[in-house]
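Dear colleague,

Please find below the sequence and structure that I am handing over to you. A short account of the findings follows.

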Amino acid sequence: MSWIWFHKLGSPKWFYQWSSKWATAVFLIGLLATLIGVGWGLGFAPTDYQQGETYRIIYLHVPAAVLAESCYFSLGVAGFVYLVWQMKMAPIFIKSMAPIGAAMAAIALLSGAIWGKPTWGTWWVWDARLTSVLVLFILYMGIIALQNTLEDVTLANQAAAIVSVLGLINLPIIKYSVNWWNTLHQPASFSLTKKPTMPMDMWLPLLIAVIGFYCLVAGLAMWRMQSEILLRERRTQWVKEKVMNDGV
Amino acid sequence: MTYLSFFKAECLTLFRSKQRVVNALLFFVLVVVLFPLGIDPSADFLAPAAGGIIWCAAALSVVVSIESLYKESYADGTLTQLVVSGLSLPWLILIKVGVYWLAMMLPLLLLTPVFAQMLFLPSDSLLVLLATLLIGTPGLFLIGSIGAALTVSLKQGAMLMVLLILPFYFPIIIFSTAAIKAIQFGLPYGGLLALLAAISLLALVVAPVMTSLCIKASVR
Amino acid sequence: MHSVAILTISDLWVERGESDLLNGLSFSARSGDVVHITGANGAGKSTFFKALLGLLPILSGSMTFNGDSLTQQRQNFLNNTLYIGHSAGLNGALTVMENIRWYLPKCSEKIVEQALSELSLGAFAETQLHALSAGQVRRVALVRLWLSEQQIWLLDEPFTALDQGLISMLEAKMAAHVASGGIVILASHLPLAHLSYLQVEL
């Protein structure tokens with residue numbers, strides 16, 4: 001097993017060239033999968049016998065919630081990588097990913113509120129799961145605020161990495177909060193490892209939508225990282241050549 | 001410099017600037033007073049809420065006052081001297097946070113029974129409240145120390161520091177108030193105290209290292 | 001009498017903000033050497049000290065201490081080093097004596113008092129630092145040199161806010177330190193009048 005890919009990943013130039021090839025493709029695949037999954041879910045999946053048509057917001061809510069958590073997990077891993085190996089790409093990743101994650105958490109919160117009104121009869125409950133997504137949203141905003149406030153780039157990198165790693169502690173709390181506090185919220189409706197409790201033709205579009213969201217976010221993140229790389233590496237020869245040859 | 005001479009200097013410094021601790025305690029008192037004033041002064045509301053009120057006030061006063069923990073040493077260059085002293089920075093940080101914890105928590109623990117009485121907290125809950133404060137607040141101080149180090153180079157860092165650090169206090173506050181509720185309903189609370197202890201121990205291991213990373217990045 | 005190099009810096013580059021500094025700085029210092037680092041403001045004098053102390057990561061180049069990589073024995077290096085930077089590194093809430101006791105808990109009372117009176121601070125031993133003038137605070141920082149146990153002195157602009165008499169005293173102190181086997185690395189834009197030194201231009 002070679003570790004070359006890991007070292008390559010640390011080089012902004014290599015990542016820029018690699019991601020230029022893939023970003024658009026990944027984004028388009030994501031867009032397509034999202035449209036198929038959400039379209040299938042909203043238009044053709046069977047009606048739920050308990051919740052009727054309202055359950056269909058699940059095709060937006062669940063992918064956003066899954067991504068909000070996954071993005072944070074990836075931030076934590078990147079933070080760890082930066083603290084241990086000082087890899088240059090890690091803070092670029094954190095900076096690019098944090099706003100995307102914040103948006104996902106916001107979508108999950110909003111769609112959850114809209115879903116909660118017809119099912120629970122209230123926009124908001126102080127349920128552990130909802131609250132921890134709210135906390136997740138605040139954590140994202142904290143990382144964004146930190147990076148915008150600290151002017152010294154090295155310090156901002158270090159600080160964002162540390163907060164990301166600390167925030168990882170919050171993820172298990174989100175994950176297991178459903179069991180810790182027995183509340184109104186239904187147990188997690190989506191799991192890859194367990195047999196799905198919903199029928200196949202409800203579950204499959206959800207799976208496609210989740211995969212679509214992952215690809216969308218990956219594509220978006222790559223684009224954001226590319227511009228961040230150009231900004232940070234603006235003094236290097238390859239960026240100068242690139243801008244001279246291709247324009248901005 | 002030795003660990004002992006640093007400890008002595010910290011105690012002296014804190015004793016000379018005792019107004020900082022007094023301010024934090026006054027802030028604690030004010031937040032507690034806000035609840036009966038702002039919501040409801042009746043025993044029906046206050047008795048079940050007392051534990052939560054005291055915990056929120058304690059958490060707020062810790063996060064607000066610990067923000068300046070490293071500010072002065074950053075400004076006068078002693079923080080740099082700590083980094084280059086050849087001693088282990090995480091241990092120095094632990095000493096600093098420990099001294100500050102003692103200085104602030106001893107009076108706060110003495111104040112708590114008075115405020116528990118004023119908020120009509122049942123007397124059997126008081127012991128649990130004191131236990132949660134004793135076990136949980138080291139976590140507050142240690143996590144707060146990370147935030148203080150993160151924002152030490154900022155002139156207007158207080159708001160950012162509160163925004164960053166307060167979410168990490170949530171689990172501590174939740175478990176503490178859950179333990180106080182548990183005793184009010186006659187339920188076992190030992191497990192919750194153990195969880196609190198676990199969080200504080202985790203913070204004890206992680207926070208000094210994280211704080212020293214932030215300080216090293218800040219003093220350059 | 002000249003032994004092997006204690007501290008060797010070769011081809012050192014440090015990245016700081018927008019620019020790469022130090023331009024491949026190289027020198028080596030043996031015991032008994034005074035290294036005088038000169039250069040315009042912003043050339044990286046302070047940056048060099050920070051790289052040496054491990055406060056800034058180095059971009060390329062190497063630093064060795066007693067023949068082994070400095071970065072791998074940073075703690076050991078720091079234990080043998082006394083650094084005085086732009087800020088005095090003294091605690092304003094403590095008295096002069098308490099500040100010195102903080103740095104040097106084992107030093108005997110008599111020696112401390114003697115050093116204080118040499119720097120005409122004898123009357124201020126029990127005065128809190130924030131009641132002293134800037135020049136006096138600077139002198140308190142220098143007391144650490146008078147009582148130093150460390151071999152290597154890193155002095156960033158040590159002559160700031162000192163009058164001519166004190167500058168001569170400080171130079172004499174440095175001469176005595178290197179004569180007893182120490183190393184002094186200082187950055188300053190003033191030339192040294194009474195010392196032979198190795199000049200490194202940044």
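Which residues are buried in helix α4 (residues 109-118) of chain C? In this predicted model, they are V112(C), A115(C) and L116(C). Viewed down the axis of α4(C), the buried residues lie within an arc of 100°, so they line one face of the helix. They pack against two other helices of chain C, α3 (96-103) and α5 (134-146). After α4(C) comes S120(C), which has a positive phi, near 45°.

I turn next to the nonpolar cores. The largest one has 212 residues, and Y70(B), F48(C) and I185(C) have the most contacts inside it. Helix α6 (residues 89-118) of chain B supplies the largest share of this core, 14 residues. Domain 1 (1-80 + 151-163 + 184-202) and domain 2 (87-149) of chain C both contribute residues to the core, so it lies between them. Leaving aside residues up to four places away in sequence, I185(C) touches several residues, including F27(C), F48(C) and W153(C).

The last topic is the interface of chain B and chain C. The contact involves 23 residues from chain B and 28 residues from chain C. About 2000 Å² of area is buried between these two chains, and carbon and sulfur atoms give 58% of that area. On the chain B side, R16(B), Q81(B) and R220(B) lose the most area to chain C, together 30% of what that side buries. One salt bridge is found across this interface. A salt bridge joins the side chains of R16(B) and E98(C), at 2.8 Å from N to O.

Yours sincerely

Conventions. Residues are numbered from 1 along each chain as its sequence is written. Chains are lettered from A and ligands numbered from 1 in the order in which they are written. This is a predicted model: local features need pLDDT of at least 70, side-chain atom pairs count only at pLDDT 80 or more; totals for chains, interfaces and linings use all residues. Side-chain values use heavy atoms; hydrogens and water are left out. A nonpolar core is a set of buried Ala, Val, Leu, Ile, Met, Phe, Trp, Tyr and Cys residues joined through side-chain atoms within 4.5 Å. Buried means under 20% relative accessible area, exposed over 50%, partly exposed in between (1.4 Å probe, protein chains only). Helices (H or I, at least four residues) and strands (E, at least two) are DSSP runs, numbered from the N terminus. Domain bounds come from an automatic or database domain assignment. Contact means heavy atoms within 4.5 Å. The arc is that of the directions from the helix axis to the C-beta atoms. Buried area is the accessible area (1.4 Å probe) that two parts lose on being put together, summed over both. A salt bridge is a side-chain nitrogen of Lys or Arg within 4 Å of a carboxyl oxygen of Asp or Glu.
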